[in-house]
Structure formats: structure tokens, C-alpha cells
Amino acid sequence: MSPEEHFSNDGGTCEDESQEEAEVARPLVSETEGSGAEVAEPRVCVGLMESGDPNTELGHSERETWSRQMDFIMSCVGFAVGLGNVWRFPYLCYKNGGGVFLIPYVLMVFVGGVPVFFLEIALGQFMKQGGVATWNIAPLFKGLGLASMVIVFFCNTYYIMVLVWGLYFLAHSFTSPLPWATCGHEWNTVNCTTNFSRVCLNQSLSSSPPNVSSLNTSCLEHTGLRSSVMEFWERKVLRLSGGLDEVGDISGYLVLCLLATWVIVYFCIWKGVKSAGKVVYFTAVFPYLVLVVLFVHGVSLPGALNGITYYLKPNWSKLSEAQVWIDAATQIFFSYAIGLGALTALGSYNRFNNNCYQDAFILGLINSGTSFFAGFVVFSVLGFMAAEQGVDISNVAESGPGLAFIAYPKAVSLMPLAPLWAVLFFLMLLVLGLDSQFVGVEGFITGIMDMLPPKSFLGSQRREVVVAICCFTCFTIDLSMVTQGGMYVFQLFDYYSASGITLLWQAFWECVVVAWVYGADRFMDDVACMIGYRPLPYMKWCWSYVTPVVCMGVFFFHVVNYKRLVYNAVYVYPWWGEVLGWFLALSSMLCIPLTVLYKLLHCKGSLIERWQHLTTPVWGRHHLEFLPPENGARLLPKAEENKNTLLYESVI
């Protein structure tokens with residue numbers, strides 16, 4: 001199709017409030033700046049030249065950028081490298097064949113993780129928008145932006161509870177002995193025990209490891225005895241009720257921890273990326289320092305080598321099991337934070353010519369490397385714990401909250417200078433989750449600010465006010481999770497709202513829209529316009545074929561093998577709880593088809609005309625200098641200038 005055909009007036013018009021007040025302007029072609037640049041920017045973006053609507057207005061260009069590019073790298077590291085790298089990957093590796101699991105994992109990194117990770121960052125950088133506005137590249141599919149904002153909102157709401165529990169444990173880590181290391185407290189029962197070996201010694205070495213969602217110490221559950229750390233967790237921290245329908249009262253201590261955590265998040269992001277970019281240097285680097293200290297200490301403990309061997313011991317027969325490949329793919333989409341929209345928001349603050357292609361590979365290496373290294377830290381300690389208790393490592397291996405709040409605290413209590421290691425561990429846990437939390441909130445805020453009309457009530461408010469409203473809303477919802485039935489609510493959010501199904505659905509449509517609606521070759525041209533060269537063709541092939549097939553394959557596997565939500569391998573959620581869970585999942589998934597249907601029905605003209613009109617990109621003002629001079633463009637009225645606004649101009 002020729003450029004003239006792309007820009008032709010197809011007669012299809014839509015009732016779009018964003019196209020009401022526009023002024024006609026002629027874009028300029030920038031001259032090559034400077035002579036010492038490594039790679040000269042192309043004068044005209046091929047992707048922009050091949051498409052665009054002269055009757056479509058462009059977004060505003062007054063957008064802050066990172067003070068230094070390292071701010072962006074650290075923010076992405078802080079967001080993508082989170083608790084899942086420490087408490088999920090090591091267990092999956094051990095469960096799925098040890099070192100053999102690295103084969104499907106690395107393969108999935110290159111066909112799923114890095115391509116979509118790069119796509120989201122590059123898309124945000126190219127469009128200079130976050131959330132819904134990112135998908136101006138194909139306005140018919142703005143539902144992708146809505147879906148990602150719904151998912152990240154749910155994540156922001158429930159993920160912070162892990163930080164709340166971590167802060168609670170941290171506050172109780174300054175006593176010796178540690179409160180969960182002994183029995184005899186007010187929250188303990190007569191069945192409390194600290195001697196694991198006397199009930200676990202005769203367990204079969206082939207006993208199956210605990211369920212991922214289970215929070216029990218497996219070898220005690222058949223005897224009626226309860227470990228001291230389990231009772232501290234369920235009876236002191238959670239004050240667990242009998243089920244989802246037994247809400248109970250609110251824990252005052254947890255409310256204080258919740259309030260303190262949200263206040264920290266608020267002041268980390270209230271000024272935007274300029275302030276958040278400074279905080280992430282601490283929150284991204286500190287956990288690595290603690291991991292190194294814990295590793296050095298862990299390998300010096302008796303039994304540590306057995307734990308590491310258990311972690312890496314290859315079981316080649318596992319490669320033939322479908323579940324191993326499914327776990328690898330699901331872990332990639334979880335750990336790379338794909339589909340949440342925060343990566344596009346972070347990328348939107350990059351300079352237009354930032355080498356996001358290089359950044360994607362660097363961040364992928366850091367992310368996966370952290371997961372692998374965390375396994376050594378975790379299993380060296382679990383090996384020590386198993387040796388001290390005289391049990392097999394399979395009896396102490398846990399995943400998720402079971403590792404963070406049961407297995408590891410128990411192991412720490414067995415070490416010399418237990419309070420010191422407890423403080424370090426929970427401080428690392430808190431900081432590791434904190435940067436993921438506030439970057440996730442920043443991504444949501446970016447989407448909200450980009451979506452609000454400037455003259456609306458919220459759009460006219462200062463950023464600090466909008467951030468406060470969002471944080472308070474999440475805080476209010478979180479109050480349901482600090483009740484006695486709060487853990488059941490938390491697991492409902494965790495199992496459904498940001499599950500593998502929702503993230504895979506989101507990633508699938510992102511690849512399809514960019515590769516098949518906008519055009520993989522055109523987007524490769526756009527990337528070349530930004531970084532000065534075209535990425536490897538394998539990226540285009542992944543977006544077009546490999547990654548969508550992987551996403552749909554794993555998606556249908558999860559759907560076919562769906563199991564009802566169970567807590568602690570005992571409590572089965574009621575039917576209305578499952579209905580609520582599916583409402584959380586579908587509230588994001590249905591955003592995509594419903595938005596497409598709504599836009600098509602509210603557009604005039606034939607179906608082909610509607611499609612052509614609604615898939616024509618809406619360019620931003622920063623694209624002006626890369627548009628060919630013969631094509632006009634409609635621009636939004638410039639934002640009102642004030643002392644806090646810095647205007648950028650194209651100069652001939």
C-alpha cells in the first residue's frame with residue numbers, strides 16, 4: 001500500500017472526543033544533528049512515513065525524562081526483579097529436574113521473555129505514553145492498555161501485603177530468642193513443637209514436596225503437632241479464621257504496618273520519575289548486597305553443600321514432562337513482569353534515541369541471573385536446616401509465602417546470631433518488594449495521568465493529589481486483607497487477578513497487535529529510527545509467530561488443567577469465592593474484546609472503513625520531526641504554559 005493510500009480519507013469517522021479541538025500544522029523534517037554521534041538518526045522514520053492520518057491529532061510533548069539512563073535501568077531491575085525471583089524460581093528449579101530445568105527456562109527467555117520485554121519497553125519509548133495512551137499505535141486495541149492497568153491495579157493492591165507481613169516480621173526480629181523460635185507464647189497451642197526431627201525422621205525420603213500454595217511444614221501435618229513458626233505465622237500474624245466467609249476483626253498492628261508501607265510508597269513516587277529514579281538506586285542494589293552476604297554465610301553452614309547439590313541435581317527424565325515446560329514459560333512471564341503496563345510506562349520516560357534493544361538484553365540477563373543465584377542462597381540455608389533437623393530437604397523446601405514466612409524464618413532461628421540474620425533477611429524482603437511496588441504504582445499513575453483530559457477535575461489536579469487518591473484507594477481495599485480472613489482474600493487476588501492466564505492473554509494480544517495489525521516490519525523500522533539500526537530478525541519472528549503460539553499453548557494448558565483454589569491443602573474455596581475470583585480475572589481479560597466491539601459499533605462507515613480508521617496510529621508531537629514534510633498532521637492544542645512547564649521545539 002502506498003503512502004498516499006495510507007493517508008487517504010477513507011470516509012470512516014468515529015465519535016472520538018480526542019479529535020474535537022485541533023489545529024492544523026505542518027511537521028518539520030529534522031536535520032542530522034552533530035557530527036560526532038555514534039549513529040546518526042534517520043531523517044524520516046520509515047514506519048511513520050508508511051502510515052498516519054493527516055486528520056489525526058498528536059499528543060503533547062511536554063514529558064519529563066530520566067535524569068540519567070541508569071535511572072531507567074535501575075527502575076526496571078527494581079520492578080522486574082522481585083520476590084518471585086527469590087521464592088518461586090528456586091523451588092521450580094528443584095521440583096522440575098534441578099539443572100535440567102535451565103534448558104526450557106533459557107529457551108523460554110529467548111522466545112518469550114526478552115522479545116515481549118523489549119516490545120513493551122520499545123513501545124513506551126516510541127509512543128512516549130503509558131497505559132491506555134500507549135496503544136494509540138493501534139487505537140482499536142486500546143483495551144490492551146485498559147487491561148494492563150486493571151492487572152497492575154490489582155497487583156498494587158494485594159502485592160503490598162507481602163511487604164506488610166515482612167515489616168511485621170522485621171519488627172519482631174530484634175529480640176533473642178526470636179518469637180517464632182520457641183513455644184509457650186500466648187498464641188501457641190499445646191501442640192506446638194520446635195523439635196522437627198522426632199516426627200520427621202521416619203518420613204519416607206520419597207515423600208512429595210509440599211504444594212506450592214501450601215503454607216505447612218509438611219512432615220508435621222500427619223502427627224497433629226504444629227511447628228512454632230507455623231503457629232506464629234497463622235495465629236499471631238494472620239490470626240487466621242476458618243474461611244473466606246469468616247471475616248473477623250481487623251488487626252491494629254497490621255493496619256499500622258500497612259499505613260507505613262503505603263506512606264513510604266507515596267513519598268517515593270509523588271514527584272514522578274525524578275524522585276523515583278533516585279530511590280531505586282538503593283532499593284535495587286541493597287537486596288543484591290544482602291543476597292551476597294546471605295550466600296557467603298549460607299555456604300559456611302553445615303549441610304549447605306547438600307542443599308545446593310539438591311538444587312542443581314539433574315533429572316533428565318523431567319524434560320519429557322509438559323508441566324516442566326509450562327512452569328518455565330509461566331515463570332518467565334511472571335518474573336519479567338510482562339503484561340502489567342509498567343514497562344511501557346517506564347520506557348515512555350526514556351530519551352527517544354535510547355538503545356532500548358540493548359537494555360532489554362541487559363535486563364533479561366540481570367533478571368534471570370538473579371533467579372539462578374537466589375537458588376544458591378535459598379538452598380544453602382535449606383540444606384543447613386534439613387541437616388539440623390535430621391530430615392530430608394524435600395521436607396523443608398517451600399515456595400512463595402511458605403518460604404519467606406515459614407521455612408526461612410525457621411532456618412534463621414537455628415543459626416548463631418539469629419536476630420542479625422532475621423533482620424537482614426526481612427529487610428531484604430521488604431526492600432526487594434518495595435521497589436517492585438512503587439514502580440508498579442508509578443506505572444499505574446502514569447497511565448492515569450496520560451488518560452485524563454487536561455480540563456477534567458483529576459486532570460487539573462497536581463500529580464501529588466492523584467497519587468494520594470490512588471494510594472488511599474488501594475489502602476482502603478487492603479483493609480480487607482488485614483482481617484482474620486485476610487489471607488483468603490489475598491490468595492484470591494493472587495490466584496486469579498494476576499495469574500498466568502491473564503498475563504499470557506495480555507502478552508498474546510500485545511504480540512498480535514504489534515506484529516499483525518500495526519506491522520512487525522513497520523515496528524522494526526520505528527525501532528531502527530530510535531536506536532539507529534534494525535534489531536535481529538528473530539525479534540520479528542518471535543512477535544509474529546513463536547511467542548503468540550507459546551502464549552496460547554500455555555494459556556490453554558492452564559485452562560484445561562484448571563483446579564479449584566485450595567488454601568493450605570485443606571480449605572476449598574466456596575463457589576461464590578471462585579465466582580469472585582473469575583470476576584477479577586475476566587475484568588482485565590474482557591477489556592480487550594469489549595473495547596474492540598465498542599469502538600467498531602461507534603464508528604461510521606463500512607466495516608473495512610471502520611477497521612482502517614481505527615487501526616490508523618495517533619502520533620505524538622515528538623514524532624513531528626520524523627514525519628515526511630508533505631504530510632500534514634492535526635495537533636492537540638498546546639498545554640497551558642506555566643513556570644513548571646518546559647516546552648520543546650523542533651529547530652531547523
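This is a predicted model: local features need pLDDT of at least 70, side-chain atom pairs count only at pLDDT 80 or more; totals for chains, interfaces and linings use all residues.
Local features required pLDDT of at least 70 and side-chain atom pairs pLDDT 80 or more, while totals for chains, interfaces and linings use all residues. Residues are numbered from 1 along each chain as its sequence is written, and side-chain values use heavy atoms, without hydrogens and water.

The largest nonpolar core has 202 residues. Such a core is a set of buried Ala, Val, Leu, Ile, Met, Phe, Trp, Tyr and Cys residues joined through side-chain atoms within 4.5 Å. Helix α20 (residues 500-531) gives this core its largest share, 20 residues. Helices are DSSP runs of H or I with at least four residues, strands are E runs of at least two, and both are numbered from the N terminus. F118, W165, W233, W262, F405, F426 and F523 have the most contacts inside the core.

L123 lies in helix α6 (residues 102-127). L123 counts as buried because its relative accessibility is 0%; buried means under 20% relative accessible area, exposed over 50%, partly exposed in between (1.4 Å probe, protein chains only). Leaving out residues up to four places away in sequence, L123 touches T134, W135, I137 and F523. Its C-alpha atom is 7.5 Å from that of G347, 224 residues apart along the chain.

R239 has phi near 50 degrees and is partly exposed at 21%. N568 has phi near 60 degrees and is buried at 10%.

Terms used:
Contact means heavy atoms within 4.5 Å.
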